[in-house]
Amino acid sequence: MFSRTLLAAAACVAFLSEDAAAFSLSPAARVATSSFLASTSQAPRTRVAPSLLSPLRMTATESGTSTNHLRPETKPYSIIEKLPEEYAWIVPEDDLEVHERIAKYVEDGDLVETDKMILVSWLDNFREALDNAPEKEAKKFVVEDYFSVLTELIRKERKRPHYFLDESVTGTHYEPFNSHHADTKFFDYQQFGCDVTRPLIDWENSEVVGAANLERIKAQLDAGDNVVFCSNHQSESDTHCMFTLMEDQLGKEYGDIAKNTVFIAGERVLRDAIVVPFSRGCSLLTVYSKKHIDSEPDLKTAKMGHNGKTMKQLGQFFAKGGTCMWFAPSGGRDRRSDDTGRVELSPFDPNAIEMIRQVADKAGALEKTHFYAMALATHNIFPPPPPPPLPPPPPPPV
C-alpha cells in the first residue's frame, strides 16, 4: 500500500570538499572528519503535523562553503496553475475526474488494481501535503491535472512497455539493457518530473551548501574531467529534487549539471510502470543488488553479467571524460529510527566506492576522476515506505 506521508518541506543538498582520505575511513569517522551533521524533524506515520513544516537542517561547518552566493534573491519560478499544452494533449476529453478515469481503466484492463490503489492514495497524500505547505502558493498547483497526465503515461506503459534499448522490452524478470539517456522524443519526461516535484519543495527554507565546491566541480567537468558524487539516498524523488534544487538555487548552468548526471540505480526503475515516467527523464545505469541477484537462482548468471556490462559502460563514460555520476554507496535509502525518531544516515560501503575507483582506473581515467561526498536531506518530501513487519515468533514447543 502507499502508506507514506508526503510533505511540502524544505530540502538541502550539500557538496563537501573533494577529499580522498575521507573515503578510506569508517562511516562514523567520515562523518566526523567532514564535521557534518544531518537531522530532520520527527514525523508521524500517517498524518502531517504542523511541527513538521519546519525546515530540514543540514550543516557543513567547513569554512567558506556554508553560504550559497549563487542563490537568487527571489524565487525564480511560479507554481503552475494551468496544465501546459505540451502535456494536455495526452489527457482524453471525457469530462471524467481523475479517480473516475483510473477506475474505468482498471475495469477495462488497461491498469491493474495496484495502480489504482497507489495513484489514488498518492493523489490524496499530495493534496494534503499542498494544503499543509508553508508556502500557500503551492495550493494553486493543478495536481489533479498532472495526475491525469501521469495516469495516461502509466496506462501507456501497461499497454506498450517502453523499449529502453531496441533489443528488449521492459517488464520481464531480466532485461539486458544497462544504460538509458533522458528521453524527450515526444514528451518532456524530465520537465514533467520537475513540475511535479517543485510544489513539494519549500524554496525559501531550502538550501544548497557548498556552492564554492560546486563551482570547482563545474570547472572540472568543463575541462573534461569526471566527477563522482558519493551520496546518501533519502527519497524516491532524489533525482528530481537535485534537478530542481540546483537549478532554482544556483541557476540553469548548475541545473544542467544535475540534469546531465548519470545515476546508478536498481533495475526496478526501468520496469515498474509507475516509476518509468520519471525514470525516462533521467540518465541511468542500472544494477541488480546482491539481494535481487540471489532471489532468482536461475537468472543469477545473467544478472551478474548485466552488472558487468553496466560497469563496462561506466568505464567508457569515464574514458570519454566530462561525466558526472551519482551513486549511493550505502546501497539503499536512509530510514527513520523507531528509537530516536530521526532519519539515520545509512553507512557507506567502502567496497562500493572502491569498485567505482577501480572502474575509473581500468578506464585509464583515475587521475581525472574526482570523488565528492554529497549529502541530501529530502526524506520528508517522499519518504521510503516503512519496512515490512517482522514475522511472528515461532510458537513455543509443546
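Trainee: What should I know before reading the values?
Mentor: This is a predicted model: local features need pLDDT of at least 70, side-chain atom pairs count only at pLDDT 80 or more, and totals for chains, interfaces and linings use all residues. Residues are numbered from 1 along each chain as its sequence is written, and side-chain values use heavy atoms, with hydrogens and water left out.

Trainee: How many helices and strands does the protein chain have?
Mentor: Helices are DSSP runs of H or I with at least four residues, strands are runs of E with at least two, and both are numbered from the N terminus. The protein chain has 13 helices and twelve strands. Of its 398 residues, 52% count as buried (under 20% relative accessible area; exposed is over 50%, partly exposed in between; 1.4 Å probe, protein chains only).

Trainee: How is a helix pair described?
Mentor: By the angle between the two axes and the distance between them. Axes are lines fitted to C-alpha atoms over the stretch in contact, and angles run from 0 to 180 degrees between N-to-C directions. Take α12 (residues 300–320) and α13 (residues 350–362): the angle is about 55°, with the axes 8 Å apart. That makes α12 oblique to α13. Under 35 degrees counts as roughly parallel, over 145 as roughly antiparallel, 65 to 115 as roughly perpendicular, and the rest as oblique.

Trainee: Which residues of α12 and α13 make the contact?
Mentor: Contact means heavy atoms within 4.5 Å. M311, L314, G315 and F318 of α12 meet M355, I356, V359 and A360 of α13. By class, this contact of α12 with α13 has seven nonpolar, one polar and no charged residues. Ala, Val, Leu, Ile, Met, Phe, Trp, Tyr, Cys and Pro count as nonpolar; Asp, Glu, Lys and Arg as charged; the others, Gly among them, as polar.

Trainee: At what angle do α7 and α9 pack?
Mentor: Helix α7 (residues 211–222) and helix α9 (residues 252–259) pack at about 70°, axes 11 Å apart. That makes α7 roughly perpendicular to α9. L214, E215, K218 and L221 in α7 meet E253, Y254 and I257 in α9. The classes here are four nonpolar, no polar and three charged residues.

Trainee: How many disulfides are there?
Mentor: A disulfide is a pair of cysteine sulfur atoms within 2.5 Å. The count is zero. For C194, the closest cysteine sulfur is in C282, 8.5 Å away, too far for a bond. C194 is buried, at 1% relative accessibility. C230 is buried too, at 0%.
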